[in-house]
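Work through the exercises below with the sequence and the three-dimensional view side by side. Try each task before reading the solution that follows.

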Amino acid sequence: MSKNPSTSTYDHPGTIASIPELCIFCKIITEKEGLIYEDEDVYVLNDKFPVSQVHLLVIPKRHIKNSYHLRNTDKDLVQKMIEVGSKIARDMNLENYRLGFHRALVISVPHLHMHVISLPFTSIIKQKLLFNWFLFTDAQNILNSLL
Ligand SMILES: [Zn+2]
Ligand SMILES: [Zn+2]
């Protein structure tokens with residue numbers, strides 16, 4: 001993870017409104033597609049390709065490419081993503097769930113997002129392809145790496 005403050009780690013910093021055509025998630029946020037929850041920092045919607053009964057995405061409104069592009073100053077944002085994801089999971093009475101991020105090996109939407117996945121998985125194939133330990137890491141690990 002780059003800790004060099006002189007290196008821009010964002011593809012296009014600033015507000016999302018000017019660039020929705022560049023990114024499917026920025027577009028979704030702008031058009032309020034499938035909105036489950038939003039505040040000034042994050043947007044929550046259902047994953048289009050669920051792997052379990054409840055499968056949500058918590059997306060920062062700021063365009064950040066992926067978890068490898070997070071800086072130490074994004075600690076509060078990641079903390080908030082975890083809090084929002086946990087709160088929604090609790091509100092939905094999920095007893096067992098996982099919060100996590102893709103590792104860079106996975107080809108995914110190039111806008112940071114945290115998956116909220118109720119357990120057990122309903123698709124073992126997708127679990128193996130996308131959400132095994134090698135390709136998916138717990139959100140807390142990402143947060144810890146920023147502390
Ligand atoms: Zn974006
Ligand atoms: Zn994803």
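**Reading the model**

Just after α1, residue K32 adopts a positive phi of about 55 degrees. This is a predicted model, in which local features need pLDDT of at least 70 and side-chain atom pairs count only at pLDDT 80 or more, while totals for chains, interfaces and linings use all residues. Residues are numbered from 1 along each chain as its sequence is written, and chains are lettered from A and ligands numbered from 1 in the order in which they are written.

**Exercise 1. Find how many helices and strands the chain has, and the pattern in which they follow one another.**

Step 1. Helices (H or I, at least four residues) and strands (E, at least two) are DSSP runs, numbered from the N terminus. On that basis the chain holds 4 helices and 6 strands.

Step 2. A residue is buried if 20 or more other C-beta atoms lie within 10 Å of its own, exposed if 12 or fewer, and partly exposed in between, with C-beta atoms placed from the backbone. Of the 147 residues in the chain, 31% are buried.

**Exercise 2. Work out the order of the strands in the sheet, and which of them stand at the edges.**

Step 1. Two strands pair if DSSP finds at least two bridges between them. The 6 strands form an open sheet with antiparallel pairing, in the order β1-β2-β3-β5-β4-β6.

Step 2. The edges are held by β1 (35–38) and β6, and because each has a single partner strand, one side of each is left without a neighbour in the sheet. From one strand to the next, the twist averages 30 degrees, where axes are lines fitted to C-alpha atoms, for helices over the stretch in contact, and angles run from 0 to 180 degrees between N-to-C directions.

Step 3. Individual bridges can now be placed. Strands β3 and β5 are joined by 4 bridges, and L56 has V116 as its bridge partner in β5. Another 4 bridges join β4 (residues 97–102) to β5, where Y97 has S118 as its partner. Strands β4 and β6 pair over 3 bridges, and the partner of G100 in β6 is D138.

Step 4. Helix α2 packs on this sheet, touching β1, β2, β3, β4 and β5, and its direction makes about 150 degrees with that of β3. Helix α4 also packs on the sheet, touching β4, β5 and β6, with its direction at about 70 degrees to that of β6.

**Exercise 3. Determine which residues of α1 and of α4 are buried, and what covers them.**

Step 1. In α1 (residues 24–31), the buried residues are F25, C26, I28 and I29. Seen down the axis of α1, they fall within an arc of 160 degrees (the arc of the directions from the helix axis to the C-beta atoms), so they line one face of the helix.

Step 2. These buried residues of α1 pack against β2 (42–46) and β3 (55–60).

Step 3. In α4 (residues 139–146), A139, I142 and L143 are buried. Their arc around the axis is only 100 degrees, which puts them on the same side of α4.

Step 4. The face turned away from that buried side carries the exposed residues Q140, N141 and N144. The cover over the buried residues of α4 includes α2 (75–91), β4, β5 and β6 (136–138).

Conventions: Two residues are in contact if their C-beta atoms, placed from the backbone, lie within 7 Å.
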